[in-house]
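Here is a short tour for anyone meeting this protein for the first time. Take a look at the sequence and the model, then read on.

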Amino acid sequence: MDQDLSGRSPCASDKHTGWIIWLHDLGQTGNSWAHLPLQLSDSAPWIKWSTPSAASAAVTAHGGRSMPSWFDVAELPIPSGQEIGIDGELRISDSALR
């Protein structure tokens, strides 16, 4: 397969010299971030990207509901639907009101 290497850095070798493994958030999958390597690969063609997906498991902080998770989370530091303001106060987020 022929590759167009015209946009590559002149310092880059033909092999990857760096590797970024991007881990997704609780409840997401690697597919949620699959666009990231596509957007950034032209800027850094010497970097290999991996966006793996965690297996589904029961998550204590979500009442034992099964979801993609790298590990069990006993409790969330900020309750779902709330946020910490710049003043340090805990309040309901705008997105929770929709």
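What you're looking at is a predicted model.

Now try that on L38, which sits in helix 1. Its relative accessibility is 67%, and the cut-off for exposed is over 50%, so L38 counts as exposed. How far apart are the C-alpha atoms of L38 and W49? They are separated by 9.3 Å, with the two residues 11 apart along the chain. As for the protein chain as a whole, it has 98 residues, and 17% of them are buried.

## The overall layout

The protein chain is built from one helix and six strands.

## A hairpin

Let's turn to strands 3 and 4. Strand 3 covers residues 56-59 and strand 4 covers residues 65-68; they run antiparallel, and four bridges join them.

Together, strand 3 and strand 4 make a hairpin, with five residues between them. In the turn you'll find G63, which has a positive phi of about 65°.

How many aromatic pairs does the structure hold? It holds one. The partners are W22 and W33: their ring centres are 5.5 Å apart and their planes are at 50°, so the pair is tilted. For reference, planes under 30 degrees apart would count as stacked and over 60 as edge-to-face.

Both W22 and W33 are found in the loop between strand 1 and helix 1, 11 residues apart. And how accessible are they? W22 has 33% relative accessibility, so it counts as partly exposed. W33 has 23% and therefore counts as partly exposed too.

## A nonpolar patch on the surface

Which residues form the nonpolar patch on the surface? They are W19, I21, L23, W70 and F71, and together they have about 590 Å² of accessible area. One of them, L23, has its place in the loop between strand 1 (18-21) and helix 1 (35-40).

W19 has something else to show you: K48 lies over the face of W19, at 4.7 Å from the ring centre.

Definitions and conventions. Residues are numbered from 1 along each chain as its sequence is written. This is a predicted model: local features need pLDDT of at least 70, side-chain atom pairs count only at pLDDT 80 or more; totals for chains, interfaces and linings use all residues. Side-chain values use heavy atoms; hydrogens and water are left out. Patches are made of residues with over 30% relative accessible area and no salt bridge: like charges are joined within 9 Å, nonpolar side chains (Val, Leu, Ile, Met, Phe, Trp, Tyr) within 5 Å. Accessible areas come from the Shrake-Rupley method with a 1.4 Å probe; for residues, only the protein chains shown count as cover. A salt bridge is a side-chain nitrogen of Lys or Arg within 4 Å of a carboxyl oxygen of Asp or Glu. Helices (H or I, at least four residues) and strands (E, at least two) are DSSP runs, numbered from the N terminus. Rings of Phe, Tyr and Trp (its six-membered ring) pair if their centres lie within 6.5 Å; planes under 30 degrees apart count as stacked, over 60 as edge-to-face and the rest as tilted. Buried means under 20% relative accessible area, exposed over 50%, partly exposed in between (1.4 Å probe, protein chains only). A charge sits over a ring if NZ of Lys or CZ of Arg is within 6 Å of the ring centre and within 35 degrees of the ring normal. Two strands pair if DSSP finds at least two bridges between them.
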